[in-house]
Amino acid sequence: MTKVFLQKWNLRRRIFIGSIGTLVVLISNLFFPREIQSSIPWPQFKIKSGCTALGKRPLRVGVSQWAGFTGGLLANGGMHSTPDAAKLWGNKYGVELVPLEDFTARQEAFSECADSGNHVDILWTTIDTWAAEYPLLKRNADSPDNIPRAFMQIAQSKEACAIIVRDRFKGQLADLQPGKLGAPKLSPAYALALRNVAGHSDVVVPTDTSDDALHAFRIGTLDAVALCEPFLHQLRKTETNVRKIDDPTPQVFILVARNEVFKAPGILEKFAKRWLEGNKDCHWNHSAALSFLAEQRGSGTEEGASDTTLDSELQEAQMSTPEDNQKMFDADYDAQFNAASNLWVAAGISPASPENSKIPDIIQHIAPFARAEDCINFKQAETNPYQHTVHFDSNSSDLKVSDGSWAVSIRQILRDNPRAQVCITGHTDNTGTEKTNKALSYKRAQAVANYLEVPPIRIVKFEKANREPIATNKTHDGRAQNRRAEIEVVVGVK
């Protein structure tokens, strides 16, 4: 009882202090509009320069556990760097994905150098949040050249973040008492809360972390809470008499890079190509994407989400394409950044111009990807010049190649035919679970793609698990035939 009492007391004390701070800034803004002072003690992080060269270590990327980041998981084959994935990223040491959710942990990791072991070179955010983070980082930079910049859109969603209220509350959010809508500070959820309180920013109170906001809502300190996944899922598992406030504005998730990264020749172009290739694979290999996401989120554990929940989350996430990125950075970015900047004035963060907060030309160098529908309809192609099948050992995605002439032939066809693309379909026998077979068949297709060493935009990969056997699974020889990857080169699809 004493421990619970102390937890409640500490949370209420923090929320009370935050509410007083928010009230102070409102009064300050009213009487001294040109001297906006921060009402919230935003940490004064400073990007450190002189970090270890990228060519001597993996590129580290801070990601969220929301399903919209599964493209990166699929592109990397998991969270950790592997030699095969490194070849596709175009970075000798590969890419390492680091789960970072809340503001303080994210910015600390972004501010550190590689020598600390806790750094990230690229960090996830949203345009709403970046409109607050960028001016803070810019203000603390020791040089104009040492300021991070946004370079790609990875996904967008109307469901990744939400405001949850108790059923008994029937009014508008602006009718809540001051300090009764909690949100983790400087987060997409906090921006969402500010946008929905109709100028009554004193209603919103910052918490240090999403866990703090979630706990405060559970024990009744808050009447409403703004959260993003995976914390929304955790709340819905335990709270039943609640409802979501609809918001029509999607959250646009982007990646921002430190200056060492965007100044390194070719690094970001290769990175963006590979991530967006992973986005495409999520669409056409939904089962494999779900398996990777479930593994990362701990499906089946106490805090993990069920496959049904993750499936819904993955289907709702709108993975971005090269075309989406070009539209965003050519037409939409500045307006969305400015609109979000205006929200953060109530939190004491002065607006910054979007002009230098982005690197707009990265995505312009990325050509449209090969179309998966062309592979599906390959029989309608003018020509189908090459087909080949490779086989695998049981429960393995290691490619055994005694004669690589088939790969040489495929490379030559692609050189001779700019419209050609490679369709690779992975298969398994019927041993193992459905989930493991889906992931394994995708890894087999990926192993073939790795061996081919052709641009990923020319390849479409599919997983079929054990759904399309070509022989009986009742015999050893039959199962051996079914453990395969089928390669088809499609040319001239109309």
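The following legends describe close-up views of a predicted model. Local features require pLDDT of at least 70 and side-chain atom pairs pLDDT 80 or more, while totals for chains, interfaces and linings use all residues. Residues are numbered from 1 along each chain as its sequence is written, and side-chain values use heavy atoms, with hydrogens and water left out.

**View A. Helices α7 and α8.**
Helix α7 spans residues 210–218 and helix α8 spans residues 231–238; helices are DSSP runs of H or I with at least four residues, strands are runs of E with at least two, and both are numbered from the N terminus. The two helices pack at an angle of about 20°, their axes lying 10 Å apart. Axes are lines fitted to C-alpha atoms, for helices over the stretch in contact, and angles run from 0 to 180 degrees between N-to-C directions. The pair α7 and α8 is therefore roughly parallel (angles under 35 degrees). From α7, Ser 210, Asp 211, Leu 214, Phe 217 and Arg 218 meet Phe 231, Gln 234, Leu 235 and Thr 238 of α8, where contact means heavy atoms within 4.5 Å.

An open sheet of 5 strands has the order β7-β6-β8-β5-β9, with mixed pairing; two strands pair if DSSP finds at least two bridges between them. Its edge strands, β7 (204–207) and β9 (242–245), each pair on one side only. From one strand to the next, the twist averages 30°. Strands β6 (residues 181–184) and β8 (residues 224–228) run parallel and are joined by 2 bridges; Leu 181 has Ala 224 in β8 as its bridge partner. Helix α7 lies across β5 (161–166), β6, β7, β8 and β9, and runs at about 145° to β8.

Strand β14 (residues 459–463) is mostly covered, with 5 of its 5 residues buried (under 20% relative accessible area, with a 1.4 Å probe and protein chains only). Ile 459, Lys 461 and Glu 463 point one way from β14, whereas Val 460 and Phe 462 point the other way. Strand β13 (residues 421–426) runs parallel to β14 and is joined to β14 by 5 bridges. The bridge partner of Thr 425 in β14 is Phe 462.

**View D. The surroundings of Trp 275.**
Trp 275 belongs to helix α10 (residues 267–284). Trp 275 counts as buried because its relative accessibility is 0%. Leaving aside neighbours within four places in sequence, the contacts of Trp 275 include Val 61, Phe 69, Ala 75, Trp 89, Met 152 and Leu 255. Ala 75 is 200 residues from Trp 275 along the chain, yet their C-alpha atoms are separated by 5.9 Å.

Notes: Parallel < 35°, antiparallel > 145°, perpendicular 65-115°, else oblique. Buried < 20%, exposed > 50% of the residue type's maximum accessible area, 1.4 Å probe, protein only.
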